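Subject: A structure for you to look at

Hi there,

Here is the structure I promised to pass on to you. Have a look at it first, and then read my notes below.

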Amino acid sequence: MIKKKHLEFLFLLFVFSLLLWMGVAGVYQNKLSHDFPHGFMAMDSFWKLGRAQNLDQTGNQFYAQEHLASDLEGVVETYPPLLATSTVLLHRLSGLEVYDSIFFLTVLFAVFAALVMYLLIRDFNKNLAIIAAGLFGFLFYGSFYIGHIWGRGPLIIGSMFLVTIFWSINKLKLKRSYLLVGFLLAASFLSHPPEFMIAIAFIVFYFVIQLLIKRFNFSELKTTIIAVALSLILSLSYLPIFLIGGGNSGIKLFTVITKSSEPAPYALDFSFFLIFIVIGAIFAILHFIKKKKINVALLVSLFMLLITYSNYLGNAKRAFQNRYFWPIYLSLFFALGIYHLAKIVIKKWKSSYSLIMGVGLLILFLIFFHQPITSPGLANEYNWDAFEWIRAETPENAKLYFFYGDSYGQSSFLSSTFRSSYLVNTDDYVKALNEGKIKQHLLTKEIRMKGKLPYKTGMLSYGSYIDDGVRNYTVEKIEDVCEFDYYIADRGSRYPELANYNILMLNTLIKNEWIEEVYSNSLVVVLKNNNPGADCIGN
Amino acid sequence: METEFKTKLKKEIKLIGLLFVIILVVFKVIFYKESLLVILKTVSSLFWLFVLPGFVLLYYWHQELSFAERLIIGSVLGVAITTIVSYNLGLFGLHVKYHAVLLPAIFLILSTIMILKRYVFKEDFP
């Protein structure tokens with residue numbers, strides 16, 4: 001006979017399986033291994049992939065790939081390391097390709113985060129936890145799913161640790177809980193430092209609330225201080241790197257914005273589920289004021305609601321990005337809303353009702369909302385095959401020039417060649433097309449990592465090629481096409497005029513006896529320039 | 001107490017085994033176009049790298065935390081510990097190719113020592 005605790009475990013298995021299926025089955029087309037990357041739909045996806053591939057090849061994450069560091073020697077990798085680390089560990093042991101491991105793990109980590117939130121709410125009320133799971137499906141829906149397909153893996157793994165930190169704050173009374181909190185804090189910092197900062201802000205918020213309601217616990221504060229110290233020790237190797245380069249992500253703090261510059265979740269994306277969230281939030285605030293008792297799950301929900309609307313307070317982009325996890329952070333409000341409304345009709349609540357609701361809501365979501373993405377994304381078998389050929393057959397110091405390609409606009413895609421890559425500016429290319437000219441000098445973008453290009457100068461000290469004036473932040477300038485070693489162009493496109501212009505360009509180049517075709521498939525052509533610098537256009 | 005601990009441990013080892021089989025089936029259903037060998041390797045890797053190290057480590061608090069808590073939180077903690085140590089070892093020059101096998105094995109041994117000290121030898125670490 002199935003006992004109650006078994007029923008709950010079965011429910012969690014159901015939630016785990018359903019969420020994993022929603023998150024990855026469509027994009028992965030029900031396969032784990034693929035011939036080319038699936039689920040990579042933006043530039044960031046390929047930046048993160050490149051870092052993981054670099055780790056896989058070199059064995060560590062100290063130096064950035066030279067082809068992404070403007071061919072400068074000793075440029076230090078500034079990006080937080082744990083997504084790449086987890087990806088490569090899984091790749092090494094399972095045999096899955098690096099690109100298959102990375103997307104799969106971001107989905108799995110989001111599912112883990114949902115289950116951790118379940119546990120946190122369960123400590124408050126088991127029935128609410130079960131009902132709250134009904135909102136988790138939104139993690140892989142519409143704008144909430146952007147984080148996965150746009151390569152926001154570090155944010156996702158960081159958020160998983162953040163939710164687990166919230167859970168661990170609820171367990172500060174455990175003997176030696178500083179170990180738990182300390183490792184999780186360090187993991188959040190090494191995954192995505194903004195999540196670490198949110199965790200620290202929450203800890204401050206938690207103790208301020210304790211003070212305000214006169215329930216201050218000095219022992220908990222002591223444990224937390226030890227945990228923060230432990231996390232800093234564990235993060236020591238990355239901390240100076242972050243300070244010189246990783247923190248410079250181009251995001252302006254203290255800028256108030258009301259609308260995200262990229263697709264981001266808004267409250268109305270929850271459709272009619274929003275009604276329950278709003279009602280639940282009101283009940284949560286009333287409950288908090290009435291009881292004057294610390295409840296971590298409630299505090300977390302209120303705090304993350306504030307954080308995700310802090311774009312109005314100057315937390316610009318990060319506020320919007322944290323909304324990807326609204327289905328987790330706001331799930332308690334959702335459950336409170338449903339529960340209190342249902343209680344109007346049902347006077348005596350049974351736990352079986354919660355189970356029926358939890359499962360029912362997930363199924364409801366599945367029927368009315370779930371729309372699996374089945375497109376693999378930017379990469380296709382033809383350009384990926386060409387990139388593999390380039391990695392295998394061209395010298396490591398080769399300079400590649402890319403003409404227009406539909407996927408190349410997300411330019412970090414080109415970094416998958418592992419060679420110094422340059423991409424023609426589409427506007428300049430279209431201008432040349434409209435003028436009916438084949439131009440030797442075109443506005444061109446160097447595919448390069450962001451930031452200050454730091455290098456090591458001492459044990460824990462770093463210099464910067466940008467600060468030294470060796471390079472500047474500008475990655476786009478006029479380049480002489482004839483200076484490059486290889487030319488890559490697509491002969492098919494959404495814009496047939498551009499594809500035809502590519503062909504015209506290739507035909508012009510190949511007229512030179514020192515330029516030859518070295519690779520082609522039904523989409524991509526690669527030409528080799530055996531005499532870089534010689535006049536290759538003839539005008 | 002010692003017998004109770006051993007009985008619980010045996011029961012939970014069986015549960016973890018059962019869970020492994022269930023997850024394997026779940027993966028086969030989700031990725032039904034994939035070969036069983038790839039799925040077996042992937043699920044085994046996830047258990048070895050993340051689930052087991054964290055779960056065993058959390059056994060230190062097995063009286064205070066439920067099985068589900070140790071399993072779910074343990075998996076996240078497993079990701080945290082394995083990747084933090086792997087990152088730092090890489091910087092110290094040990095190639096990442098050794099970490100996937102080595103690190104979980106070390107964590108499992110260390111956690112076992114810690115648990116035995118607390119629950120069998122009654123000598124908790126300072």
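What follows is a short tour of what was found.

This is a predicted model, in which local features need pLDDT of at least 70 and side-chain atom pairs count only at pLDDT 80 or more, while totals for chains, interfaces and linings use all residues. Residues are numbered from 1 along each chain as its sequence is written, and chains are lettered from A and ligands numbered from 1 in the order in which they are written.

**Where the chains meet**

Chain A gives 47 residues to the contact and chain B gives 39 (residues are in contact if their C-beta atoms, placed from the backbone, lie within 7 Å). On the side of chain A that touches chain B, the elements giving two or more residues include helix H1 (4-25), helix H3 (82-94) and helix H8 (177-191) of chain A. Helices (H or I, at least four residues) and strands (E, at least two) are DSSP runs, numbered from the N terminus. H3(A) supplies the largest share, 9 residues. By type, this side of chain A has 32 nonpolar, 12 polar and 3 charged residues. Here Ala, Val, Leu, Ile, Met, Phe, Trp, Tyr, Cys and Pro count as nonpolar, Asp, Glu, Lys and Arg as charged, and the others, Gly among them, as polar.

A residue is buried if 20 or more other C-beta atoms, placed from the backbone, lie within 10 Å of its own, exposed if 12 or fewer, and partly exposed in between.

H8(A) packs against helix H9 (residues 193-212) of chain A at about 140°, with the axes 5 Å apart. That angle makes H8(A) oblique to H9(A). Angles under 35 degrees count as roughly parallel, over 145 as roughly antiparallel, 65 to 115 as roughly perpendicular and the rest as oblique. Axes are lines fitted to C-alpha atoms, for helices over the stretch in contact, and angles run from 0 to 180 degrees between N-to-C directions. The residues making this contact include A:Leu185 and A:Phe189 of H8(A) and A:Phe196 of H9(A).

**The sheet**

Chain A also has an open sheet of 7 strands with mixed pairing, in the order S6-S3-S2-S1-S7-S9-S8. Strands S6 (476-480) and S8 (515-520) of chain A stand at the edges with a single partner strand each, so one side of each has no neighbour in the sheet. Strands pair if DSSP finds at least two bridges between them.

Strand S3 (residues 441-446) of chain A runs antiparallel to S6(A), with 5 bridges. One of the bridge partners here is A:Glu476, facing A:Lys445. A:Lys445 is also the partner of A:Leu423, and S2(A) and S3(A) are antiparallel over 3 bridges.

A:Ser520 stands opposite A:Val525 in S9(A). S9(A) also pairs with S7(A), antiparallel over 5 bridges. Of the 6 residues of S9(A), 5 are buried, so this strand is largely enclosed by the rest of the structure.

Enjoy exploring!

Best wishes

How values were computed
Two residues are in contact if their C-beta atoms, placed from the backbone, lie within 7 Å.
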